[in-house]
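Here is a walk through one protein model, ring by ring. Keep the 3D view open as you read.

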Amino acid sequence: MASGQTPGELLTPLVLNSILSKALQYSLHGDTPLASNFTFALRFLPETFHPHAPDSLNCLELRYKVDWPLNIIITDSCMNKYNRLFSFLLQLKHMVWSLRDVWFHLKRTALVKGAGHSVQFRQLQLYRHEMQHFVKVIQGYIANQILQVSWTEFTAKLATASDLDAIHRTHADYLNRAIFRGLLTEKAAPVMNIIHSIFSLILKFRAQLIAHPWDRQQGEAVHPSFIAMQQSYNTFKYYSHFLFKVVTKLVNRGYQPHLEDFLLRINFNNYYKDS
């Protein structure tokens, strides 16, 4: 996407299957025979990839072939819920990559153009660091609450399931809890909208940085889009602080107590409370 590939070039079976097989090779379970059950599927083919849209890959689904009798437990409805989680995790990975690319770009600028002592350069590094902290907090929260806590609860309950109905119910409860904790329910849509706005600003920040090369003014490195990037950061800061306030109110009302984990992570040094 970053190299300018169009949806028609990137979202083909040949390209997608090679990406998936490479990902499986690098994973812990790449050598399991079940890995061949994974395929990508296109829900629709977008005309273009919008550069600031965090959901630009929502057209993509990760499918898993479920044979009888497992399809009694893992139904089409379950697969849709897994895909909602997959889409959000994919957005997170997109943000992680974007911020890493910002870091590489700044590092290269410091080495090639000697911008390390520039006031603007240091300011941009601080902006990037705060954005990176936010994304890492979301990633840590999802990894902890969904990939670890919910899964541990599921395996413990599964051990006590005595019949098919109990297994079906246990799996359905696990998925619903994962969707709930991942803020992917209709009730949590306002919170997720704030997160999406923040993701969009991160993509905008990266696009502004790479759109123009650095200049030199009075012997110091300056960026032509510095003021625009400063505005993007200020909007990001407004949204992230607003999200902190909203989540704090939800926790204080006793709604979604697992969000305390998110608050603890994001406000670890009282940054959000003090500012």
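**Aromatic rings in the fold**

Start with a cluster: ring pairs join Tyr127, Phe134, Tyr233 and Phe236. Rings of Phe, Tyr and Trp (its six-membered ring) count as a pair if their centres lie within 6.5 Å; planes under 30 degrees apart are stacked, over 60 edge-to-face, and the rest tilted. By this rule there are 14 aromatic pairs.

This is a predicted model, where local features need pLDDT of at least 70, side-chain atom pairs need pLDDT 80 or more, and totals for chains, interfaces and linings use all residues. Residues are numbered from 1 along each chain as its sequence is written, and side-chain values use heavy atoms, leaving out hydrogens and water.

Now take Phe121 and Trp214. Their ring centres are 6.1 Å apart and their planes stand at 55°, so the pair is tilted. Phe121 sits in helix 4 (residues 119-158), and Trp214 in the loop between helix 6 (189-211) and strand 3 (215-217). They are 93 residues apart. Helices (H or I, at least four residues) and strands (E, at least two) are DSSP runs, numbered from the N terminus.

Are these two residues buried or exposed? Phe121 is buried, at 6% relative accessible area. Trp214 is buried too, at 5%. Buried means under 20% relative accessible area, exposed over 50%, and partly exposed in between (1.4 Å probe, protein chains only).

Next come Tyr141 and Phe262. Their ring centres are 6.0 Å apart with planes at 80°, so the pair is edge-to-face. Tyr141 belongs to helix 4 and Phe262 to helix 8 (residues 259-266), 121 residues apart. Both are buried.
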